[in-house]
Each structure stands twice: as structure tokens, then as C-alpha cells.
Amino acid sequence: MRLKDKVCLITGGSRGIGYATADAFLREGAIVIITASTQDSADKAVARLKEKYPQSKIGGMSPDLSRLDSVREAFRQAREKFGCVDVLVNNAGVSENTAFMDYTEETFDKVMDLNIKGVFNATRAAAECMSMRGTGVILSTSSMVSISGQPSGIAYPTSKFAVNGLTLSLARELGPKGIRVNAVAPGITETDMMKAVPKEVIEPLIAKIPLGRLGKPEDIANAFVFLASEEASYVTGVVLSVDGMARS
């Protein structure tokens with residue numbers, strides 16, 4: 001088991017990629033705490049995971065990720081119950097596709113508050129304990145649009161470009177403290193949101209992917225398992241693309 005007894009906190013862990021990552025971490029022997037936007041969502045996800053892994057330690061929380069005091073309190077509670085967080089996965093995020101000329105400050109701020117400020121707050125809270133122990137792993141969910149951009153919804157790719165910048169910069173700053181910092185950039189993945197997209201929209205997208213299929217949440221989760229494990233002990237400052245694409 002690659003993550004045996006490691007305390008792993010996953011934001012946005014109640015569904016999609018976050019839930020698949022929680023499942024994969026539990027399979028590898030981790031102690032898992034997930035966060036969700038509501039306590040009810042967190043509790044339901046925890047109940048499902050406990051059915052599958054009845055002997056595992058699993059917790060659920062719903063801090064306001066846009067507020068550092070709320071996030072710190074969540075980490076304090078996690079530390080009291082399970083110990084210092086060994087692995088943080090910043091997965092919580094929101095996407096949208098508003099045309100640029102229709103943007104409001106409120107729309108832009110909503111994306112940034114979760115996708116960037118939420119990552120900053122959780123990373124700051126995790127790094128405080130990790131720095132004292134001289135070890136830790138911080139991972140974040142980026143996106144293929146952090147590399148290619150997208151034709152509308154400018155806040156989302158902007159936020160993911162920022163996640164990449166945070167990842168590379170903190171890898172340099174926190175490396176001497178024994179903390180590795182990496183990100184995973186998923187391609188188009190079969191989440192609940194994608195299941196609602198019409199077949200005629202999906203098929204042309206698949207046609208552009210050399211591997212001939214959309215990604216599955218488990219594909220992304222497997223990348224997180226590798227980066228969280230000792231197998232990646234000499235890997236930091238990497239934004240790993242998991243999108244089925246070939247690059248020169």
C-alpha cells in the first residue's frame with residue numbers, strides 16, 4: 001500500500017475527480033478527510049466510502065475555502081482527530097463559460113475565490129504543520145485549459161494558469177522544508193457535468209484525442225496516487241498532463 005496511514009485531505013472530495021481520488025487513496029491505505037461545499041454532501045460521500053472501506057478512517061468537513069480562518073479551523077480539527085496532514089489535494093473548483101463582455105466582477109470573483117484563494121488558503125494551512133515536521137506533499141488540480149486556454153469563460157483558465165504558477169513557485173520555496181508541490185492537469189473527463197453534454201458535442205472532441213476516449217476520474221486519481229507516494233519522492237514543481245494527448 002503506497003499511502004498506508006498517510007493523512008490525506010482532499011478538497012472537493014464529494015464527487016467527480018475528488019471522490020475518485022479519495023477512493024484511490026483509501027485503497028492505498030490512507031486516512032482520508034474530504035471537504036465539500038455543504039456538510040450534508042460531505043457526510044453522504046463519507047457514508048458511501050465507509051461502505052466500501054469499513055475498516056478505514058474517513059472524515060468529512062465543509063469549511064469555507066475562501067476564508068483562511070475557516071480553513072485553519074478545519075485543519076485543526078483534522079489534526080486533533082487524525083494527526084498532521086501528510087498530503088493535501090486542492091481539488092475544489094468551479095468552472096463556467098460566460099463570454100468576456102458579459103462578465104461581472106461578481107462572476108470573476110466567485111471563480112477566483114474558490115479556484116485560487118481556496119488553493120492558497122488550504123495550502124497555507126497544510127504547510128504550517130508540514131513545515132514543522134519537515135515533510136509533506138501538496139497537490140492541486142489544474143486543467144488542460146491552463147495550457148491551451150478556452151474560447152469563453154476567461155476566469156477558469158486564468159485561475160488554472162495561477163494554480164500552475166503557485167505550484168512551480170511553491171515547489172522552489174517549500175522544497176528546502178521537505179515539501180513536494182505538484183499539480184495534475186486533466187483533459188476532458190467523464191464527470192457528472194460532462195455526462196449532460198450532448199453526444200454530438202462529445203464525439204468531435206474524442207476524435208481529436210489520440211487515445212480515442214475521454215478521461216475517467218480514476219485516470220486522474222491514479223496520477224494523484226503516484227504523486228502523493230514515495231514513488232514520486234524526487235518529483236516536484238511538475239504540472240502533469242493527464243489528457244490522452246500526444247505532445248512534441
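Colleague: Which residues touch the most other members in the largest nonpolar core?

Modeller: This is a predicted model, and what follows is computed from it. In general, nonpolar side chains in soluble globular proteins tend to be buried together. The largest nonpolar core here has 31 residues, and those that touch the most other members are Phe25, Val32, Val87, Val89, Leu139 and Phe224.

Colleague: What does Phe224 touch, not counting residues up to four places away in sequence?

Modeller: Phe224 is among the residues that touch the most other members of the largest core. With residues up to four places away in sequence left out, Phe224 touches Ile17, Thr21, Phe25, Val89, Leu139, Ser140, Thr141 and Val184.

Colleague: Is Thr141 buried or exposed?

Modeller: Thr141 lies in strand β5, and its contacts include Asn90, Lys160, Val163, Pro186 and Phe224. Its side chain also makes a polar contact of 2.9 Å with the side chain of Asn91. Because buried means under 20% relative accessible area, and Thr141 has 8% relative accessibility, Thr141 counts as buried.

Colleague: What is the relative accessible area of Val225?

Modeller: Val225 is found in helix α9. Not counting residues up to four places away in sequence, Val225 touches Arg2, Ala24, Phe25 and Glu28. Val225 is buried, and its relative accessible area is 1%.

Colleague: How far apart in space are Val225 and Met144, C-alpha to C-alpha?

Modeller: Along the sequence, Val225 and Met144 are 81 residues apart. In space, their C-alpha atoms are separated by 19 Å.

Colleague: Where is Ser229, and what is its relative accessible area?

Modeller: Ser229 has its place in the loop between α9 and β7 (239-242). Leaving aside neighbours within four places in sequence, Ser229 is in contact with Arg2, Leu3 and Arg180. Ser229 is buried, with a relative accessible area of 1%.

Colleague: Which cysteines form a disulfide?

Modeller: A disulfide is a covalent bond between the sulfur atoms of two cysteines. A search of the whole structure finds 1 disulfide. The sulfur atoms of this pair are 2.0 Å apart, and the two residues are Cys84 and Cys129.

Colleague: How many residues apart in sequence are the parts that this pair ties together?

Modeller: Cys84 lies in the loop between α3 and β4, and Cys129 lies in helix α4 (residues 105-133), so the pair ties together parts of the chain that are separated in sequence. Both Cys84 and Cys129 are buried. The parts they tie together are 45 residues apart in sequence.

Colleague: Which cysteine sulfur is nearest to that of Cys8?

Modeller: Cys8 counts as buried, at 0% relative accessibility. Cys8 is in no disulfide. The nearest cysteine sulfur is 12 Å away, and it belongs to Cys84.

Colleague: Which side chain is joined to that of Asp86 by a polar contact?

Modeller: Asp86 lies in the loop between α3 (68-82) and β4, and at 13% relative accessibility Asp86 counts as buried. Among the residues that Asp86 touches are Asp5, Lys6, Val7, Met130 and Gly136. The polar contact is 2.3 Å, and the side chain at its other end is that of Arg133.

Colleague: What is phi of Asp5 near?

Modeller: Asp5 is found in the segment before β1. Asp5 is a residue other than glycine with a positive phi, and the value is near 65 degrees.

Colleague: Which element gives the most to the lining of the second largest pocket?

Modeller: This pocket has a volume of about 250 Å³. It is lined by 17 residues, and the closest to its centre are Gly16, Tyr19, Ala20, Pro217 and Glu218. At least two lining residues come from each of α1, α7 (192-195) and α9. With 6 residues, the element that gives the most is α1.

Key:
Residues numbered from 1 in each chain as written. Predicted model: local features only at pLDDT ≥ 70, side-chain atom pairs only at ≥ 80, totals over all residues. Heavy atoms only, no water. Core = buried A, V, L, I, M, F, W, Y, C linked by side-chain atoms within 4.5 Å. Buried < 20%, exposed > 50% of the residue type's maximum accessible area, 1.4 Å probe, protein only. Contact = heavy atoms within 4.5 Å. Helix = DSSP H or I, 4+ residues; strand = E, 2+ residues; numbered from the N terminus. Polar contact = N/O pair within 3.5 Å; in protein donor to acceptor, adjacent residues only side chain to side chain. Disulfide = S-S within 2.5 Å. 1 Å grid on protein atoms, 1.4 Å probe; cavity = no way out; pocket = protein on both sides within 12 Å on 5 of 7 lines; lining within 4 Å. Points joined across faces, edges and corners; volume = space filled by probe spheres on them.
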